[in-house]
Amino acid sequence: MHGAIQYILSYLESNQTPGAAGNVFWATVYILLVFVGLSIAVIAMNWLERKILAHMQVRLGPMRVGPHGLLQPIADALKLLLKEDIIPAEADKIVFWVAPFIVVLAAFTVFVVVPFGPTHAITDMNIGVLFMLGVSSLSVLGIVTAGWASNSHYPLIGALRSSAQMVSYEVAMGLAVVSVILMTSLNETSTGTLSMIGIVQSQLAQREWFIFKFFPLGLIGFFIFAVAMVAETNRAPFDLPEAESELTAGFHTEYSGFRWSLFFLAEYSAMIAVSSIAVTLWLGGWLRPFPNALPGSTWELVFSLIPGFTFLFLAGMTFYSTARMPKHPLFRVQTIGLGGFGALLALVGLILFIPGVRVRVQDIFWFSAKVAGFMYLYIWYRGTFPRYRFDQLMKVGWKVLLPTGLALLILTALVAMRTELLADLRGAWRP
Amino acid sequence: MLEISTLHYLVLGAALFLLGVIGVLTRRNVVIVLMSIELILNAVNLNLVAFSRYWQGIHGPAALHGQVFSIFVITDAAAEAAVGLGILIAFFRNKETVNVDEVNLLKW
Amino acid sequence: MNPATVPANPPVATPFFFYLLAAIMIIGGILVITRRNAVHSAMALITTLLAQAALYLMLYAPFVAGVQIILYAGGIMVLFLFVIMLISIERTQKERQFNKQWLVGIAAAAALGGLFIAVYTTRTGGRTLFPEGRLTYLEGENTQRVAALLFDRATGTYMFAFEIASLLLLVAIIGAVVMAKKRI
Amino acid sequence: MTDPRSISPLDLETPDQTFLDANELVINMGPQHPATHGVLRVILRLDGEKVLGLECVIGYLHRGVEKIAENRTYTMFNPYVDRMDYVAAVSNGLGYCEAVEKLLSVEAPPRAQFIRVILTELNRIASHQLWLGTHALDIGAITPLFYTFRDREEILKIFEKYCGARLTTHAFRIGGLQYEAYDGFEQDVRNFVSFVKPKIDEYEELLTTNRIWLERTKGVGVISGKDCIALGVTGPVLRASGVKWDIRKALPYANYRNFDFEIPTGENGDTYDRYLVRMVEMRQSLRIIEQAVEGIPEGPIMAKVPKVMKPPVGEVYHSIEAPKGELGYFIVSDGSTQPYRVRVRPPSFVNLQALDVMCRGQLVADVIAVIGTLDIVLGEVDR
């Protein structure tokens, strides 16, 4: 018993991720935390996407279930779980059954290596980025098999489209990632790293986010990745696999109820996953803004207060909305609910001010804030852009992003090695 | 419990290799034959990596030749799969079949 | 010859995971060669490949594991599935699944199996042919070491082979395109 | 080589089809499909994603409107025409009323003419707005739909205030109008004009220079002016192909000859040009409305028409420029209270014939865009 407690407590003193420390208990705790956090994020994302999209489109979005539709995602989840689970008679039952789970597994497994902070990751793999790209590319298997197992034309076309799309954009994505890996190797030992934590630490060591490295090379790489990741997650304007005006719903046309919700869950967690890669590789991961330009304990304190104030601000907005709720008795429950939600946000904000919590949580906050920015971009794209046609999509992938990525890689290598190259040249000319 | 040694991996590799060989020798569907070839290659890879670990135990951590070899094998498998499936598609287009024992022409 | 260093965190329950993964791989392999439906075979093969990636991790070869996932499961198998879907005809499932010389095939495989058993059970001087490997080094440097063997100016034994491999891939790309194209 | 148009895609359905070998893949799109704007069924013959040919199967919404006319009096049939192109019901009513007026040799008084023009042009804008929203939605842009519906609402509000109905308005009567314009009608219309002008700019901001929109619409569904004329295609589709033909100018009806407006034409006859033509048409309609609302004369709103209409024996063809093209009514009178035969020339039905020509050689995704750009209403196609 004592040994077990010792085992649990010993991790708290170590300065490693639970995976690296080999602590099974804390690894399990982290896995649960990530899983719960991800589910909450998907639910919040569902609500936010509807609301933001609605406000972009001059409408209100969900307003009925709970105050400002806050309970809508829960109502939807309930509906989906209670809905009849249809398996078409001509479908390949086993594959039809397995396919959504492949997608979900692939989407969730990547979070094993996502670093929410220097120690806040389930584990830190030596092959972190490779692992993330590889595992997230597994979801294409689920999509292809889902389309095939439905035994119907539209899902099959959707599946073929999406596999072609995802495989094509992975190439450009990989090239952009490799250019970052090159940048990590610019240190005394000239050893790069694939580890997610290592990449962020090398950004800290090189005193700049890789998006600004070798301007504009880092920016171009980031741009390639940002385009490819939208295509990779099948979102607008690259949402051809599920283009509702052409293919009704693409590969998940025949799915309903719980299985459909698994695809939904996977799509959103995949969005979060690729955004996490982008944040880690180019935007400094968990690093707060200006860690080098504004050093010192004062700035440290100022920046660590921001999470709390953010939540207080959100709480304030909620209270403002509560005050603006109609005063009719019909709305009493909703008003109380919204006030309660605001109070919850305020409580979270206040908890974030506690020094012990503040220091531990601020990394996670900065990471999530950056990912949230990407999530907003996703919604924005969806509200603004028409959909690409398939041949145009392929053209963008193979004829624009891929050559740009190759050129970027070569240029990055040349710029990174410029001193050695120049020295070599000089040596060659010396008599 | 028994400690896992290199031999365990080798036996597993041999079993997979045998499964692959059986698949290649007995199945008619070209696609499954190709997949059996993948099984064989993977069995070899498993051996290579197991030997690599064994070798590291003797020659130090930099002795990763087995792993490098397995990477080459994977590269080769990718090339083989691409060309094999290309041939398969060409064959299917001409003969409307995917059975190996119906591949009995030198030219069409 | 550096002395072998002991890893910071020894793996947990190695035998359990080994036998689990080995069982998955063997069952997957059997399914690959016995299923009627090629898609089912492909799914079984994917399972096998992923289990094998896990075994690579247990063998302290994370880079190979990553390549296995990204290339085999994410690339080659998608290609397989793609082709199966393009040519999947109901007819093939109703046909005979095994060719006429399947008996010969089984016999040959049995002979090969006998050879394997003979090799692995041979004992010379009370030891098996392959003694147990000693555990070695920290996992952290694996990728860098592989890279050093492949690319480094000083230690890159396989630099030339690597270039040849890239040439092989180029040839394969062209070959696949030429083969699969309807009209060139 | 046989003319590909003589082969029906329906004949080519073979069992045991695969995607690879499929030189032809026959896909059925609709009648329940989100992008076919109602119950249009399109049978596509594809080579991969390339369209080799297609065939429209129509009639799912057939209600026998023309036959009904033979059993109703001229007045009683008037509301039925609203149910054809329910998106532009006012235009349908105008065409029918004017045709019967021609048969009766009466003319609506000037005040009625002006109000008719205002309402018809408002309806044209509403129709184009609905087209724009759904067309953009088909191409994947969801936001314009909500913008256009928001602004179309203002037009429907004016209709509702005028005659009590929003969609199937039944706004006109044979010989003029049944209702006098309500108080503040002119002000409402003026307000609407100043309200909607910046909104049209807003739609253009979203789409006109959007790269993806350009790629999806430029060079898609091209049809030449010659083909348009051969197929009888009219309306914005014809004008986008460079033929300057607008019945409001060519054969002026109502009192369109009093107004100053331009007919926009395109050059390439592709989807993008049709989009631009319709955008300009909306602005031109606003111009007409502005002029009309300033010049509404005082006076009666009904000409003298008998209670029981018995037009003289004879036949008449009258066509107007509906938002979708030439809407014609051919009415044969046998001297009784009921028409002997009414034949409608619906623009959607005729324009739909061009779908095959426009889609050949394009991709599946373009079929969606082309159906959208043709601006068909199935109520009118099937009647």
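In chain D, β6(D) and strand β7 (residues 325-333) pair in the antiparallel sense over nine bridges; two strands count as paired if DSSP finds at least two bridges between them. Helices and strands here are DSSP runs, helices being H or I with at least four residues and strands E with at least two, numbered from the N terminus. The model is predicted: local features need pLDDT of at least 70 and side-chain atom pairs count only at pLDDT 80 or more, while totals for chains, interfaces and linings use all residues. Residues are numbered from 1 along each chain as its sequence is written, and chains are lettered from A, and ligands numbered from 1, in the order in which they are written.

**Two sheets of chain D**

The pairing of β6(D) with β7(D) belongs to an open sheet of three strands, ordered β6-β7-β8, with antiparallel pairing. Neighbouring strands are turned against each other by 15° on average, direction ignored; axes are lines fitted to C-alpha atoms, for helices over the stretch in contact, and angles run from 0 to 180 degrees between N-to-C directions. A322(D) has G325(D) in β7(D) as its bridge partner. Helix α3 (residues 89-104) of chain D packs on this sheet, touching β6 and β7 of chain D, and its direction makes about 150° with that of β6(D). Contact between two residues requires C-beta atoms, placed from the backbone, within 7 Å.

Another open sheet of chain D has three strands in the order β1-β2-β3, and the pairing is antiparallel. Its edge strands are β1 (25-29) and β3 (50-57) of chain D, each pairing on one side only. From one strand to the next, the twist averages 20°. Strand β2 (residues 41-47) of chain D is joined to β3(D) in the antiparallel sense over seven bridges, and V42(D) stands opposite C56(D) in β3(D). Helix α14 (residues 364-374) of chain D lies across β2 and β3 of chain D and runs at about 150° to β2(D).

**Backbone features in loops**

Most residues other than glycine have a negative phi, and most peptide bonds are trans.

| Residue | Phi | C-beta neighbours inside 10 Å |
|---|---|---|
| N234(A) | about 60° | 25 |
| D375(D) | about 55° | 27 |

N234(A) is not a glycine, and it lies in the loop between α10 and α11 (244-247) of chain A. D375(D) is not a glycine either; its loop is the one between α14 and α15 (378-382) of chain D. A residue is buried if 20 or more other C-beta atoms lie within 10 Å of its own, exposed if 12 or fewer, and partly exposed in between, with C-beta atoms placed from the backbone. N234(A) therefore counts as buried with its 25 neighbours, and D375(D) counts as buried with 27.

In chain A, the peptide bond from F215(A) to P216(A) is cis, with omega near 5°. P216(A) is placed in the loop between α9 (196-205) and α10 (217-232) of chain A.

In chain C, R96(C) sits in the loop between α4 (90-94) and α5 (102-121). With 11 other C-beta atoms within 10 Å, R96(C) is exposed. The C-alpha atoms of R96(C) and A118(C) are separated by 34 Å, the two residues being 22 apart along the chain.

**Helix packing in chain A**

Two packed helices are described by the angle between their axes and the distance between the axes. Helix α8 (residues 153-184) and helix α16 (residues 390-416) of chain A pack at an angle of about 15°, with their axes 9 Å apart. α8(A) and α16(A) are therefore roughly parallel to each other; angles under 35 degrees count as roughly parallel, over 145 as roughly antiparallel, 65 to 115 as roughly perpendicular and the rest as oblique. The residues of this contact divide into 19 nonpolar, six polar and one charged. Ala, Val, Leu, Ile, Met, Phe, Trp, Tyr, Cys and Pro count as nonpolar, Asp, Glu, Lys and Arg as charged, and the others, Gly among them, as polar.

**Chain contacts**

Which chains have the most contacts among the five pairs that touch? Chains B and C do. Their contact takes 68 residues from chain B and 76 residues from chain C. On the side of chain B that touches chain C, the elements giving two or more residues are α1 (6-26), α2 (30-59) and α3 (65-95) of chain B. α3(B) gives the most to that side, with 21 residues. The residues of that side divide into 44 nonpolar, 17 polar and seven charged. No contact joins chain A and chain B, whose closest C-alpha atoms lie 14 Å apart.
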